[in-house]
Amino acid sequence: MTKKKDRNQNRKEPQSVSVSKTSRKSEGHSIFSWLFVLALLGVWMSVAVLWFDLVDYDTVVGGLRPYDADGDGDFDVEDAKVLLGLKEKPIATVTRDAPSEGAGPSVSVERDEVSEGRREKETDVVEGPVVGLEGHVVESSDESLFPETTADESIRLSEQEVVTSDRSVGNMDFRPHDEESQDGIDSTGELVVEPPPEETDDLAETQRYAEQLVSQQTVETAQQEPSSESTPETEITPESVPESAPETETPESVPESNNVPESTPETESAPEVTPESETAPELSPDSDPTATPTAKKKKPKLLNKFDKTIKAEINAAEKLRKKGKIEEALRTFEGLVQKYPQSPRCRYGKAQTEDDMAEKLRSNDMLLRAVNTYREAADLPDAPADLIRASLKRRADRQQFLGRMRGSLATLERLVQIFPDDISLKNDLGVAHLLLGDNKGAKRVYEEVLAMAPSDGFAKVHYGFILKAENKIAESIPYLREGLESGAPGTDDGRFYFHLGDALQRVGDKSAYDWYEAGHRHGHFASVWQRSLYNVPGLRAQPWWTAKETGYTDLVRTLERNWKTIRDEALSVLDSSSGLFLPEDENLREKGDWGQFTLWQQGRKLASACHSVPKTCALLERYPEATGCKRGQIKFSVMQPGTHVWPHTGPTNCRLRMHLGLIIPPKGCRIRCTNETREWEEGKVLIFDDSFEHEVWQEADSYRLIFIVDVWHPELSQSQRQTLSPI
């Protein structure tokens, strides 16, 4: 029994198993090791994402910008509170200090800023009706400061914009040409990336409005017109559109354009679109780009009764256009036009999309189709007044871009007939007359505007400019001054600062330099002294140069060694009765007689002229810095006693000017450049930069004869010399 009992006890008692502390630690370490490895993997994955740029954070952040309700640039808890109604949306109010009294005249205008749930980047843009005037004075008798563009020439930008006030060009950079000869007032107005003028043969400033105006207009148009976010930056070059191309619609292949004019509104019910208004306040020289507009503009009504019944379909097509899906949007609008041929809004949407496609494909043919479709939209029965206005205004703008100035004028005349009380349309009509060189027509229009709205700043500056072009200097001053002081859209322009300053100088008013200073401060001039408008940035700027500084010592030596040969040939022409010396016709003289005989113009040799002075031309043939200077001339200049040339500046900083003395009276002939005055010597070369202000007096008893040779600025590269447009 005892043994049995012992066996049972042995069976019941389990054997104890010994567990070491080391094994327990191993198990804990194993879990910790895995956690540590996972953490390291996470760190390295984060590094890889950042290093290899696997995530487009800009896209992610950009997607949240529409919800940035408090305007701080990101989406956070504060934005959520605003969106949930727990907190009011902050409104930034910006005040701007008045400029000091010594800073010169100031201009102020409110800045229109889009603030509906989205923050837009602001750029300093000069807005206003398609135009501004170039305020550049012609340079000493020789060249026109505003070159003329021929119909066939495409205009390209060959230099960077020197405007110190960031004038951005939005999504496109249009450069128009004209289909007809344009005798207008000089036009563009800032330190520009200027459009290539083709002819500058000493045109009076009243003959240069058209080309520059078109250039300014297209740049401003590009600045003012929003385009789809996904639409790539493109540019249309008007060269491909034949002047005679008919403005009739091609039904099948329709173009597109991403350019909505500043006055072009969207559908009434399209929530994603914030239409712009013609009367939007514009950035002024001293205004703050972050200032909030004081009042919203009335939303244009583009839908008639029928279009309201199909607005869902219209909005769907419009949404595609706004998203940059141009091809799909065009197909959709074409389908809508076929389905609803009497719908003005469908037709207008088709025209806008063709306009967009023209930009995207850089196709003038497509742009011409858009021009025709805009007309069709306005011609449909029951078209709303706002749609007619937007459609025809855009049509006129695109016609100007294509160089169809007379067609644009006719479109604007129709607009004015439909909306006789619309001052802005009358202002645009005045500009259209100037683009055609019809100063009398423009003057008549601006007189009508000022009779209706005596304080209209845009009309005042343009009217003052026309008066100055008519040499009514004193009369022009109050209009130019009051127009600039008004701060109205389209008035903060270098052309007006220039011409006001020039007019004041001519009547002996020293406040001229206050206005030049204001123009410089607002980014229109490189400096108070250097007021040229066609500039390449970064070039050495000084009024007087030595031959060694230019690097053209061989040319200078050749001129000085052969000065008698050059003089004798000039005298043979001067003494003849052939009339080869032509009078200066750029309104630069206060009094006296001043003639010139040109051998090279814009880098082109005038063979008939060189036939009269063969030795002189032969001497110059081997100096391409002179004969190839597309922004200058080579010519003889004769000035009679009693002549005074007003202070003026040349058109560009891309050249230097050499004066070789041929016949110089002992006393009485002098030239001032900035604040330094010098005299010519026979057989010696003076070199100066004529983009700086200079002035000439001829108070001797006999005539003064010099030989003028323009050369490229020595710091321009060969590539720049080849690609820069002629002046």
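Which residue with a positive phi follows H9? Arg362 does, with phi near 55°. The legends below belong to a predicted model.

Figure 1. The protein has 727 residues, and 56% of them are buried.

**Figure 2. Helix H9, residues 344-361.** H9 has 18 residues. From first C-alpha to last, the helix reaches 26 Å. That is close to the 26 Å expected at 1.5 Å a residue. H9 is mostly covered, with 16 of its 18 residues buried.

**Figure 3. Arg362, in the loop between H9 and H10.** Helix H10 spans 364-379. Most residues other than glycine have a negative phi. Arg362 is not a glycine, yet its phi is positive, about 55°. Is Arg362 buried or partly exposed? The relative accessible area of Arg362 is 47%, so the residue counts as partly exposed. The cut-offs behind that label are 20% and 50%.

**Figure 4. Gln602, in the loop between E4 and E5.** Strand E4 covers 594-601, and strand E5 covers 604-605. Gln602 also is not a glycine and has a positive phi of about 55°. How much relative accessible area does Gln602 have? The value is 2%, and Gln602 is buried. Buried means under 20%.

**Figure 5. An open sheet of five strands.** The order is E3-E7-E12-E9-E10, and the pairing is antiparallel. Which strands stand at the edges? They are E3 (589-591) and E10 (676-678). Each has a single partner strand, so one side of each is left without a neighbour in the sheet. From one strand to the next, the twist averages 20°.

**Figure 6. The pairing of E3 with E7.** Strand E7 comprises residues 643-648. Strands of a sheet pair through backbone hydrogen bonds, either parallel or antiparallel. E3 and E7 pair in the antiparallel sense. How many bridges join E3 and E7? There are two. Arg589 has Val645, in E7, as its bridge partner. E3 itself is an edge strand of the sheet.

Methods
Residues are numbered from 1 along each chain as its sequence is written. This is a predicted model: local features need pLDDT of at least 70, side-chain atom pairs count only at pLDDT 80 or more; totals for chains, interfaces and linings use all residues. Side-chain values use heavy atoms; hydrogens and water are left out. Buried means under 20% relative accessible area, exposed over 50%, partly exposed in between (1.4 Å probe, protein chains only). Helices (H or I, at least four residues) and strands (E, at least two) are DSSP runs, numbered from the N terminus. The expected span of a helix is 1.5 Å times one less than its number of residues. Two strands pair if DSSP finds at least two bridges between them. Axes are lines fitted to C-alpha atoms, for helices over the stretch in contact, and angles run from 0 to 180 degrees between N-to-C directions.
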